[in-house]
Structures are given as structure tokens and as C-alpha cells.
Amino acid sequence: MIVMDLGGTHLRGAVVNAKGHFGRSIKKIVGVNRSQKAIISFIGEVYKNLSDGENMALSLGIPGIVSAKTGIVFSSPHFPQWKNFKMRSELQKKLKVPVALDNDANLIALGEHKKGAARDWPTFLMVTLGTGIGGAIVIDSKIFHGTLGFAGEFGHICINPKGPICSCGGRGCLELYASASGLKRLVRTSLQGGKTPPLLKSIPRSQLGETLFILAQKKNRGVQKILDQFGFDLGIGLATLVNVTGIQKIVIGGGLLSLSPFYWKAMRQSFKAHIYRKVGQETLFRKGKLGDEAGLVGAALI
Ligand SMILES: [Zn+2]
């Protein structure tokens with residue numbers, strides 16, 4: 001089969017054989033034209049390249065509000081033009097092979113369960129910290145999709161009803177605080193207060209994580225303060241998650257995991273402060289192990 005993971009900037013793909021072993025792989029930049037039609041033909045090209053004329057089923061992870069059951073993508077933060085996109089049927093029509101799709105964080109969770117940090121956890125929560133926040137609920141080794149098919153949108157837990165407006169229409173969502181865009185906002189506010197190195201002023205978002213890492217490593221106080229705030233906000237969201245679900249095992253993944261040495265402590269402290277005590281005492285946290293590969297590993301499992 002062929003597996004793919006569509007992100008905001010790249011489409012990654014690979015061939016997987018019947019035994020689950022990975023073969024040829026590819027990573028392509030997503031073009032400027034992000035319409036539904038353009039993405040279908042882009043995926044078609046990558047499929048053709050990987051399949052080499054063979055008929056292979058396709059399984060792919062999509063960022064956004066996705067129903068795995070119907071194959072419809074209701075909306076995606078990276079592809080604002082999409083609306084009720086019947087992606088699975090469009091792809092099946094184009095490729096003439098069976099297609100399965102699911103939310104990218106759900107597939108990352110399955111990947112971490114199969115080969116990564118959650119191999120011995122049949123039931124756990126997955127939280128991915130990247131441009132936004134992704135989430136998944138795994139119960140007895142299966143993704144819990146909920147009634148509408150997209151349970152686990154943890155990024156839209158409200159942690160500040162008076163906070164900024166979110167792309168979902170709500171206010172003060174966790175995603176506005178504990179993600180790369182949240183970090184960018186924290187940096188901006190901190191710069192205005194004059195407490196952060198001006199070096200951060202001109203850094204593009206793609207290099208923000210790396211720059212913060214270097215400065216935090218050098219024990220820059222302003223940057224550590226930003227990351228403490230990040231950890232604090234994340235801890236509030238995680239406490240809500242565990243209070244509601246009663247699932248006391250959490251895997252954290254995504255690009256911002258690289259900064260975890262500098263926010264982990266604040267996150268744990270805030271989690272402890274905001275959770276029902278008995279539940280909180282027994283909650284375990286792990287860091288994702290598969291990095292960028294997790295989504296592709298998971299795609300091979302649906
Ligand atoms: Zn929101």
C-alpha cells in the first residue's frame with residue numbers, strides 16, 4: 001500500500017509492503033495553489049511516482065476536521081479554501097484504488113501505539129504540538145472518533161474565555177497558547193515588554209522553535225519565562241483532558257517536543273495544580289518517539 005501524511009508545508013509519502021515494512025519514500029513541498037482540485041491532482045502525482053504503475057491502496061493523514069467514516073474533510077487550518085471536501089471519493093475516482101483517510105493526529109497516535117512511546121498503553125491520549133494542536137483518544141488500541149467522527153480536537157478547549165478569537169470561532173482556545181502560533185504571540189508580547197532578546201524580533205516562524213531552543217539552552221531568562229508560560233497553559237489544557245476522560249496516560253508529540261526540556265516542568269506543575277488531585281497523582285506522561293514518521297506508521301494501520 002501507499003501511505004501519505006499531508007501537512008501545511010509538505011506531503012510525505014512511502015510504500016509499505018504486506019509485512020508492514022517501509023520502502024521508497026518521498027517528501028514534496030505543497031504548492032501555492034491549495035484548492036481542493038489542486039491538492040487532488042498533487043496527491044495523484046505523488047501516488048503515481050510512488051506506485052510505479054502498480055495498483056496499491058492509499059491511506060493518508062489529513063490535518064483538520066476529518067470524518068474517517070465518510071471520508072469528508074469539513075475544514076483544515078492549512079487549507080482554508082476547503083469546505084466539506086469529499087476527499088476520499090474524489091481520490092478514489094482519480095486513482096481507482098481503495099482510499100482510507102483520517103485526521104493526522106489520530107494516525108500519529110496509532111503509530112506511537114504500534115511502534116513508539118505507547119506500545120504498552122492500549123488506552124491513552126495523544127497531544128501533538130505544532131503550528132496548532134492535534135489530539136487523539138485511543139481506547140483499547142482503537143481511535144475513538146465520537147459521533148461526528150472528529151473527537152479529540154483538544155486544541156479548542158477554552159482556557160481563557162476573554163482571550164483572543166480562534167479560527168474555530170471560539171475564544172481563548174488552548175491552541176492559541178500552547179502551539180507554535182501561541183509561542184509566536186508570547187514572544188511578541190514579551191518583546192513589547194522589553195524582556196526578550198531583540199534577536200527574536202526578525203525570526204520567521206519556521207525557525208522560532210530552534211532559536212528559542214538555543215536561547216533557552218544558554219539560560220536566557222526572558223525565553224525561559226516564555227516557555228514557563230507555555231508549559232503552564234499546556235498544563236491547564238491537559239488537566240481538563242484527564243479530568244474529563246479519566247484517561248491517565250498522555251503521549252506528547254509534534255515539532256515543539258524539541259523544546260520540552262524547557263517547558264516540561266512548568267507543564268507538570270500546572271497540570272498538578274489544575275487537576276482533581278486523586279486523578280492527577282496517577283497520570284503518566286511520555287514523549288513521542290517516532291517524530292515525523294509516526295503519521296506514516298499510523299497510516300499503514302487503517
Ligand atoms: Zn478554537
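**Ground rules.** I number residues from 1 along each chain as its sequence is written, and side-chain values use heavy atoms, with hydrogens and water left out. Because the model is predicted, local features need pLDDT of at least 70 and side-chain atom pairs count only at pLDDT 80 or more, while totals for chains, interfaces and linings use all residues.

**Domains.** I looked up the domain assignment of the protein chain, which gives domain 1 (2-108 + 293-299) and domain 2 (120-288); such bounds come from an automatic or database domain assignment. The C-alpha centres of domain 1 and domain 2 lie 26 Å apart. I found twelve residues of domain 1 in contact with twelve of domain 2, contact meaning heavy atoms within 4.5 Å. Between them the two domains bury about 880 Å², 61% of it on carbon and sulfur atoms (buried area is the accessible area, 1.4 Å probe, that two parts lose on being put together, summed over both). On the domain 1 side, Ile65, Ala105 and Asn106 lose the most area to domain 2, together 49% of what that side buries.

**Helix pair.** I then turned to helix H4 (residues 180-192) and helix H6 (residues 221-245), whose axes come within 10 Å and cross at roughly 135 degrees. Helices here are DSSP runs (H or I, at least four residues) numbered from the N terminus, and axes are lines fitted to C-alpha atoms over the stretch in contact, with angles running from 0 to 180 degrees between N-to-C directions. In this contact, Leu183, Leu186, Val187 and Ser190 in H4 meet Ile226, Leu227, Gln229 and Phe230 in H6.

Technical notes: Helix = DSSP H or I, 4+ residues; strand = E, 2+ residues; numbered from the N terminus.
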